[in-house]
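Visitor: I'm new to this one and would like to learn how to read it. Could you walk me through it, feature by feature?

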Amino acid sequence: MSAVDDLMVPASAEYGVPGADDEAMFADIVRSLGRDKSAVRNALAMLREIAGGDFTELDETKAETAAMTLLGREGPEMTALGRSVLQCYYRDDRLFRALGIEPRARYPKGRMLEQGDWSLLDAVRSRPRLWRDVDGTGR
C-alpha cells in the first residue's frame, strides 16, 4: 500500500514534508484503519486486478498508471482508501511544522479561525427543512 500512498501524497523536499509512504506515517495508517480495513483491502485487491498481478513488481511507469487508474475510480473503497491516508497525513506533526503551525492538541488552547463571509450560507439557510420534525419542536 505504501507505493500507492506515495502517489496519493508524495514527499516534498521543497516544503519539507514527508510523503504518505513515510515509514512512521504508513505505520499510523495501518494502525488507524479500523472500520475501513475491509474496504481498503478491497481497494488493494482492485489494484492487484488492474496491475494484472503483484503491483510491487511493476516498473515505475506501469505502477503509476495502475495506481492512477485505481485512484480515478469512485466508490466506498476509494473513499476509505483516501480517508485512511489523508487522516493520518494531516495529523502528522511534521506537516504542521512545515506549515508554520505549532503541533499541539486542538484543546484546551484551540485554534483561531479567521472570520469569513457568512453570507455564503444564505443559500443553505433559505432552503426548506430537510429533516422530519419528530418531537414537534422544529429543531
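This is a predicted model: local features need pLDDT of at least 70, side-chain atom pairs count only at pLDDT 80 or more; totals for chains, interfaces and linings use all residues.

Visitor: Let's zoom out. How many helices and strands does the protein have?
Guide: Seven helices and zero strands. Read along the sequence, that gives α-α-α-α-α-α-α. The protein is more spread out than a compact globule, because its radius of gyration is 20 Å, well over the 14 Å that the globule rule gives for 139 residues. Along the principal axes, the C-alpha trace spans about 60 × 40 × 25 Å.

Visitor: What share of the residues count as buried?
Guide: Of the 139 residues, 24%. As for contacts, take those between residues at least 6 apart in sequence: 57% of them join residues at least 24 apart.

Visitor: How should I think about a nonpolar core?
Guide: The general idea is that nonpolar side chains tend to be buried together in soluble globular proteins. Here, the largest nonpolar core has 24 residues. Those with the most contacts inside it are Ala 20, Leu 47, Phe 55, Leu 81, Val 85 and Tyr 89.

Visitor: Which helices each supply at least two residues of this core?
Guide: Helix 2 (23-31), helix 3 (37-51), helix 4 (60-71) and helix 5 (76-89). Helix 5 gives the most, with six residues.

Visitor: Now Ala 80. Where is its place, and is it buried or exposed?
Guide: Ala 80 sits in helix 5. Buried means under 20% relative accessible area, and Ala 80 counts as buried because its value is 1%. Leaving aside neighbours within four places in sequence, Ala 80 is in contact with Asp 36, Ala 39 and Val 40. Ser 38 is 42 residues from Ala 80 along the chain, yet their C-alpha atoms are separated by 9.1 Å.

Visitor: How do I describe a pair of aromatic rings?
Guide: You give the distance of the centres and the angle of the planes. A search of the whole structure finds one aromatic pair. The rings belong to Tyr 89 and Tyr 90, with centres 5.1 Å apart and planes at 90°, so the pair is edge-to-face. Tyr 89 is also buried, with a relative accessible area of 5%.

Visitor: One last stop: where is Asp 92 found?
Guide: In the loop between helix 5 and helix 6 (93-98). Asp 92 is buried, with a relative accessible area of 13%. Its side chain reaches the backbone nitrogen of Arg 94 at 2.9 Å.

Definitions and conventions. Residues are numbered from 1 along each chain as its sequence is written. Side-chain values use heavy atoms; hydrogens and water are left out. A nonpolar core is a set of buried Ala, Val, Leu, Ile, Met, Phe, Trp, Tyr and Cys residues joined through side-chain atoms within 4.5 Å. Buried means under 20% relative accessible area, exposed over 50%, partly exposed in between (1.4 Å probe, protein chains only). Helices (H or I, at least four residues) and strands (E, at least two) are DSSP runs, numbered from the N terminus. Contact means heavy atoms within 4.5 Å. Rings of Phe, Tyr and Trp (its six-membered ring) pair if their centres lie within 6.5 Å; planes under 30 degrees apart count as stacked, over 60 as edge-to-face and the rest as tilted. A polar contact is a pair of N or O atoms within 3.5 Å; within protein, one must be able to donate a hydrogen and the other to accept it, and residues adjacent in sequence count only if both atoms are side-chain atoms. The radius of gyration is taken over C-alpha atoms; the globule rule is 2.2 Å times the number of residues to the power 0.38.
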